[in-house]
Structure formats: structure tokens, C-alpha cells
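Please keep the sequence and the coordinates in view while reading.

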Amino acid sequence: MGFSCGVRVEALGFSGGIWCMWRTENLTVNVIGSTSQCIHLQLINVGGINWILSIVYASPNELNREDLWSELSNFSSTVDVPWCVMGDFNSILYDFEKIVGVGVNRRSMNAFASCLENCSLQELSSKGPFLTWQRGNVKERLDRVVCSQDWVMSFQQSSVINLALPTSDHCGIWLRLRSIGLGIEVGIRT
């Protein structure tokens, strides 16, 4: 694949696991920390833009996800640069983000929404499939990119594309960043 560096969080059985890989030609990456559900990275672009990227794979277990929401809320109080969080949050925000299956879990939705509000994170709009996960007839929007307002201002030309992957029940997320003198692409597959 040609990646020169990386960091990973091992899967627990068949669930979880995060791999982040990158090339170092135009980017300096420092691992700030990781847990079983998240990896936090500091990125410094060639143009000198310093920002944080957090990659999440939230637990399918609601109680364990609460740990992630607490971690992100606590981490947000330490962030003083543009911040982007992307990945499989294993939770929806709105009723219309789920089709078929057992009814929506309002408590889970509210906990996720509260986390995003506490962290001052907003969702970036995306192209491609709106519902990013499918098992049988059940479809949900579990994968997304959220970011701080200063991240939006730093990367005004960015775009998110959800990619249908024939080998996964999740869509991949392709985050294309554009800034003055900068072109970086970040892709994840959950």
C-alpha cells in the first residue's frame, strides 16, 4: 500500500479494531493517545496547519459507547486547534437515519447528540450513500465525519464521500481536504 507509518488498536474478538496508516511526505503525524474505541492524532501539514484527527470505532454495546462519549468530552477540553472526528459511531442522531429493524434507541441517540454538543462538533455533509451500514433489510447511518467550527474554517474546501464497499457492511469514508497549499486525503474503512 505504500504507507510508511501507522498505529492500531487491536480488535476485541470480531468487534472493533482501528488501523491508521499514513505517508510522511507532506505530513507530520504524532500519536496523542488511544483507547479501545479511539485513536487521537496530531497532524501538521506542510503549510504549517496544526490540527487533531480522532478516528473512532464505537462499541456496538451502548454502555461501552458511554465511555467513548465521556472520553471525547474530556478530550475536547484539551483541544485548542482545529479538530476532526471520523469513523463508525455505532449510533444514529435522528429517527430518519434508520430504516427497518427494531425501533430507534432514543437514549442512545440523545447520549450521542449530547456528546457532539458538549464537544462543539458539527457534522460535515457527505456525498454517496446516506445510510452507511446495512445488515439484511436494516440500514442505518453509523459512519460520519464531525468537526469543530475552526476546523471547518481551516478546511473550507473539504468534502466527505461515503463509499459503498462490496466486502463490508459499512461504507468507507473518504475525507478530502483542501486548504491553501495543501492537498490531503484521508480514507477509512470500518
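**A helix and its surroundings**

Helix α1, residues 62–76, comprises 15 residues and spans 21 Å from its first C-alpha to its last, close to the 21 Å expected at 1.5 Å a residue; the expected span is 1.5 Å times one less than the number of residues. Helices (H or I, at least four residues) and strands (E, at least two) are DSSP runs numbered from the N terminus. The model is predicted: local features need pLDDT of at least 70, side-chain atom pairs count only at pLDDT 80 or more, and totals for chains, interfaces and linings use all residues. Residues are numbered from 1 along each chain as its sequence is written, and side-chain values use heavy atoms, with hydrogens and water left out.

Which residues of α1 are buried? They are Arg65, Leu68, Trp69, Glu71, Leu72, Phe75 and Ser76. Seen down the axis of α1, these buried residues fall within an arc of 160°, so they line one face of the helix; the arc is that of the directions from the helix axis to the C-beta atoms. An α-helix has 3.6 residues a turn, so residues three or four places apart point the same way. On the other side of α1, Leu63, Asp67 and Asn74 are exposed. Buried denotes under 20% relative accessible area, exposed over 50%, and partly exposed in between (1.4 Å probe, protein chains only).

The cover over the buried residues of α1 includes strands β3 (27–35), β4 (38–45), β5 (50–57) and β6, together with helix α2 (106–118). Ala111 lies in α2 and is buried, with a relative accessible area of 15%. Leaving aside neighbours within four places in sequence, Ala111 is in contact (heavy atoms within 4.5 Å) with Glu66 and Trp69. Ala111 and Leu93 are 18 residues apart in sequence, and their C-alpha atoms are 9.2 Å apart in space.

**The whole protein and its surface**

The protein contains 3 helices and 15 strands, and 45% of its 190 residues count as buried. Among contacts between residues at least 6 apart in sequence, 53% join residues at least 24 apart. The accessible surface comes to about 9800 Å², of which 53% belongs to carbon and sulfur atoms; accessible areas come from the Shrake-Rupley method with a 1.4 Å probe, and for residues only the protein chains shown count as cover.

Phe96, in the loop between β6 (83–88) and β7 (98–99), is exposed, with a relative accessible area of 55%.
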